Structure formats: structure tokens, C-alpha cells
Amino acid sequence: MKLLESSRFEAINNALSIATGGSTIFGRVESYSCKMVAADKALYKRFTAETHGYGPHDLQALSPPQTLADLSPNFHRNNSQSGDEGVILCDTISRKTLFYLIATLNASFEPDYDFSEAKSHEFSKEPSLQWVMNSVHSNLSALAGDQYQGLRQPMWSAIDDEINLHDCDIYSYNPDLSSDPFGEPGCLWSFNYFFYNKKLKRIVFFTCRAVNSIYAGETSDVSIEDDFY
């Protein structure tokens with residue numbers, strides 16, 4: 001995966017470092033081309049060797065979005081695998097797309113973390129763009145207030161210009177604590193969203209976490225006005 005430089009995303013990422021009264025928010029938005037670099041090709045070779053007869057277009061099961069599962073334990077989705085009555089039906093993902101998500105995580109968090117062993121059940125497909133936007137808004141506005149309100153519109157506009165949001169499938173990464181790069185002491189919440197535009201062969205990755213300031217250390221408060229106005 002090749003990181004695509006964006007001055008607009010750089011400004012947004014600066015503004016997503018927000019120190020509030022008792023917590024600090026760390027966030028970043030990155031754009032990646034799905035064109036494989038050398039490390040991706042080596043990983044993909046191992047990835048396909050472990051398929052036990054599955055091809056790149058064969059489907060694997062995803063977990064339900066965590067927020068939906070919390071709201072309705074018996075929530076059922078369309079376009080999903082069949083299951084027993086009362087069991088959550090899950091979305092699916094092609095192995096090739098799953099590889100793109102894993103490779104994006106590796107590119108974004110290297111060299112500190114390696115996601116090569118991540119499995120499909122650690123990912124979810126989000127129900128809609130509006131649902132994701134509402135979830136992001138709920139998390140960030142609760143802690144950042146007016147600072148996030150000043151960032152909200154330019155951030156989503158920049159993401160839309162980069163990836164064409166309404167043409168995207170949206171996935172999230174929801175690992176267990178042992179695999180979570182944000183499973184650190186004092187982490188209040190975190191999210192990892194992938195906006196995948198198959199036509200553009202591009203992924204925008206939006207990752208963010210809030211950490212109790214006792215654990216976050218000293219972080220300078222960035223003025224949104226300096227970046228956008």
C-alpha cells in the first residue's frame with residue numbers, strides 16, 4: 001500500500017491532536033493506493049499460501065459492527081450468510097479486500113505493530129456512511145466540543161474529495177485487547193475506519209483514540225483556526 005501525500009490531511013491530522021480537560025485525542029486520516037509495494041507482495045504471497053484452496057474472490061465472514069451489536073443483540077443484516085434463528089447474521093468480505101485492510105493497518109502502524117495474522121472476524125462492515133459519521137461525531141464532540149465542530153465540515157469534505165464517500169464500502173477494525181494497537185492503559189475509546197473505493201483502488205483510513213491525560217503525557221493543544229481559517 002502506498003501512502004498518498006495530502007496537505008489537507010496533514011492539516012486535519014494536526015487539528016486532530018486535541019488536549020481537553022481530562023483527556024487527549026490523537027487522530028489521523030491517511031490515504032493509501034491499493035497498488036502493492038514490495039512488502040505487500042511478500043505478505044500477499046504468504047496470505048494466499050494459507051488459503052487452503054480459497055481464491056482471492058472467495059468470501060469470509062465478518063463480525064457485526066460493535067455499535068449495532070451493542071444496541072441489538074439479535075440484529076440481522078441483508079446480504080449476509082445464513083444462520084440459525086436468533087443468531088446474528090454477518091456480512092462477508094472477499095479475501096482480496098481483507099488483504100487490503102490488513103496491509104493498510106501494517107502501513108499505518110509500522111514498525112510498531114504487525115497485523116499480518118489478523119482474521120476476518122476482527123473486522124466489520126459498517127451499515128452506512130451516516131452511521132459512521134454519527135458515531136465519529138458522538139465520540140469527538142463529547143470530548144472536543146467546539147474544537148471538533150470547527151473541524152467537522154472541512155474534515156469530511158477533504159475525505160469526500162479524496163475517496164468519494166458515497167462510492168465506498170466502509171469497514172472497521174475491532175480487535176480483542178491483545179491485538180489492539182490502542183489497548184493501552186488509560187484509553188477511553190478508539191475507532192479504526194476504512195473507506196474503500198473499489199473503482200479508485202484506494203482506501204482512506206481514519207484512526208482515532210482518546211486517552212486519559214494522566215497517561216497521555218503533555219500534548220500541545222492545536223488551534224483549528226490556525227489550520228483552516
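**First stop: two helices in contact**

Select Asp40, Leu43, Tyr44 and Phe47 in α2, and then Arg95, Lys96, Leu98, Phe99, Ile102, Ala103 and Asn106 in α4, which they meet; contact here means heavy atoms within 4.5 Å. By class, the residues of this contact are seven nonpolar, one polar and three charged, where Ala, Val, Leu, Ile, Met, Phe, Trp, Tyr, Cys and Pro count as nonpolar, Asp, Glu, Lys and Arg as charged, and the others, Gly among them, as polar.

Before going on, note that this is a predicted model, in which local features need pLDDT of at least 70 and side-chain atom pairs count only at pLDDT 80 or more, while totals for chains, interfaces and linings use all residues. Residues are numbered from 1 along each chain as its sequence is written, and side-chain values use heavy atoms, with hydrogens and water left out.

Now show the whole of α2 (residues 38-49) with α4: the two pack at an angle of about 135°, with their axes 11 Å apart. Axes are lines fitted to C-alpha atoms, for helices over the stretch in contact, and angles run from 0 to 180 degrees between N-to-C directions. Helices (H or I, at least four residues) and strands (E, at least two) are DSSP runs, numbered from the N terminus. α2 and α4 are therefore oblique to each other, given that angles under 35 degrees count as roughly parallel, over 145 as roughly antiparallel, 65 to 115 as roughly perpendicular and the rest as oblique.

**Second stop: α6 and its partners**

Select α5 (residues 129-144) and α6 (residues 146-163), which pack at an angle of about 150° with their axes 8 Å apart; these helices are therefore roughly antiparallel to each other. The crossing of α5 and α6 is right-handed. On the α5 side the contact includes Val132, Met133 and Val136, and on the α6 side it includes Tyr148, Met155 and Trp156. In this contact, eight residues are nonpolar, four polar and two charged.

Arg8, Phe9, Ile12 and Ala15 of α1 meet residues of α6, among them Leu151, Pro154 and Met155.

Move to the loop between α4 and β6 (123-125), where Pro111 lies, and look at the peptide bond from Glu110 to Pro111, which is cis, with omega near 0°. Then go to Asn164, in the loop between α6 and β7; Asn164 has a positive phi of about 60° although it is not a glycine.

**Last stop: a pocket**

Which residues lie nearest the centre of the second largest pocket? Select Ser94, Lys96, Thr97, Tyr196 and Lys198, which lie nearest its centre among the 16 residues of the lining. β5 (92-94), α4 (95-109) and β7 (169-173) each supply at least two lining residues, and by class the lining has six nonpolar, four polar and six charged residues.

Note on methods
1 Å grid on protein atoms, 1.4 Å probe; cavity = no way out; pocket = protein on both sides within 12 Å on 5 of 7 lines; lining within 4 Å. Left-handed = near helix turned anticlockwise from the far one by under 90°.
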